[in-house]
Amino acid sequence: LKEAREWNGSGGSEDGMESDACGCGSLTWKTFGTGVLSGMHPDALLLCLPALALPTRLAGLSYLMAFGVGTLVAMGAYTAALRCACRRLGKKAVGRVSTVASGVAVAVGAAICSTALGIPLLGGLL
């Protein structure tokens with residue numbers, strides 16, 4: 001939330017690289033590294049486990065390829081939609097989207113931690 005509040009939409013990036021009309025900097029090694037590290041989370045392995053239960057290696061490989069392509073297409077489409085929305089709504093929209101996303105992340109994290117500590121949420125539904 002702190003970073004979202006500090007974002008001023010001035011059009012400059014931390015690396016001193018030029019940015020586009022949206023106020024978003026171009027791809028940097030920090031951005032790329034963050035994406036690579038996020039993609040290496042072991043929780044994604046749970047979604048790939050069905051490939052081990054398929055009868056042939058070809059079927060398992062086909063499942064993994066379809067899973068990978070589907071994930072990339074979905075992430076790319078979401079990013080493109082978010083970029084178009086931010087460009088149309090103006091520079092302040094990027095800061096607002098960042099603030100809302102940060103708030104949702106904190107709320108979900110708090111909910112997960114509270115259920116782990118035994119505090120029931122939504123009357124025990126979660």
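Figure 1. Buried means under 20% relative accessible area, exposed means over 50%, and partly exposed lies in between (1.4 Å probe, protein chains only). The model is predicted: local features need pLDDT of at least 70, side-chain atom pairs count only at pLDDT 80 or more, and totals for chains, interfaces and linings use all residues. Residues are numbered from 1 along each chain as its sequence is written, and side-chain values use heavy atoms, with hydrogens and water left out. Leaving aside neighbours within four places in sequence, Ser114 is in contact with Ile119 and Leu121; contact means heavy atoms within 4.5 Å. Ser114 belongs to helix α6, residues 91–116. Helices (H or I, at least four residues) and strands (E, at least two) are DSSP runs, numbered from the N terminus.

**Figure 2. Helix α6 has 26 residues and is followed by Gly118**. From its first C-alpha to its last, α6 reaches 39 Å, close to the 38 Å expected at 1.5 Å a residue. The expected span of a helix is 1.5 Å times one less than its number of residues. Buried residues in α6 are Ala93, Val94, Gly95, Ser102 and Ser114. Gly118, which follows α6, has a positive phi, near 90°.

**Figure 3. Helix α5 covers residues 57–89 and is followed by Gly90**. The 33 residues of α5 reach 48 Å from first C-alpha to last, close to the 48 Å expected at 1.5 Å a residue. The phi of Gly90 is positive, near 105°.

**Figure 4. Tyr63 and Phe67 both lie in helix α5**. A pair of aromatic rings is described by the distance of the centres and the angle of the planes. Rings of Phe, Tyr and Trp (its six-membered ring) pair if their centres lie within 6.5 Å; planes under 30 degrees apart count as stacked, over 60 as edge-to-face and the rest as tilted. By this rule the count is one aromatic pair. The ring centres of Tyr63 and Phe67 are 6.3 Å apart and the planes are at 20°, so the pair is stacked. Tyr63 and Phe67 are four residues apart, about one turn of the helix. Tyr63 is partly exposed, at 28% relative accessibility, and Phe67 is partly exposed, at 27%.

Figure 5. Pro50 is placed in helix α4, residues 50–53, and is partly exposed, with a relative accessible area of 38%. Leu54 lies in the loop between α4 and α5. At 32% relative accessibility, Leu54 is partly exposed.

**Figure 6. Trp29, Phe32, Val36, Leu37 and Met40 make a nonpolar surface patch of about 630 Å²**. Patches are made of residues with over 30% relative accessible area and no salt bridge; like charges are joined within 9 Å, and nonpolar side chains (Val, Leu, Ile, Met, Phe, Trp, Tyr) within 5 Å. A salt bridge is a side-chain nitrogen of Lys or Arg within 4 Å of a carboxyl oxygen of Asp or Glu. Accessible areas come from the Shrake-Rupley method with a 1.4 Å probe; for residues, only the protein chains shown count as cover. Trp29 lies in helix α2, residues 29–39, and counts as exposed, at 72% relative accessibility.

**Figure 7. The protein chain has six helices and zero strands**. Along the sequence the pattern is α-α-α-α-α-α. Of the 126 residues, 10% are buried. The chain exposes about 10000 Å², and carbon and sulfur atoms supply 70% of that area. Among contacts between residues at least 6 apart in sequence, 38% join residues at least 24 apart.
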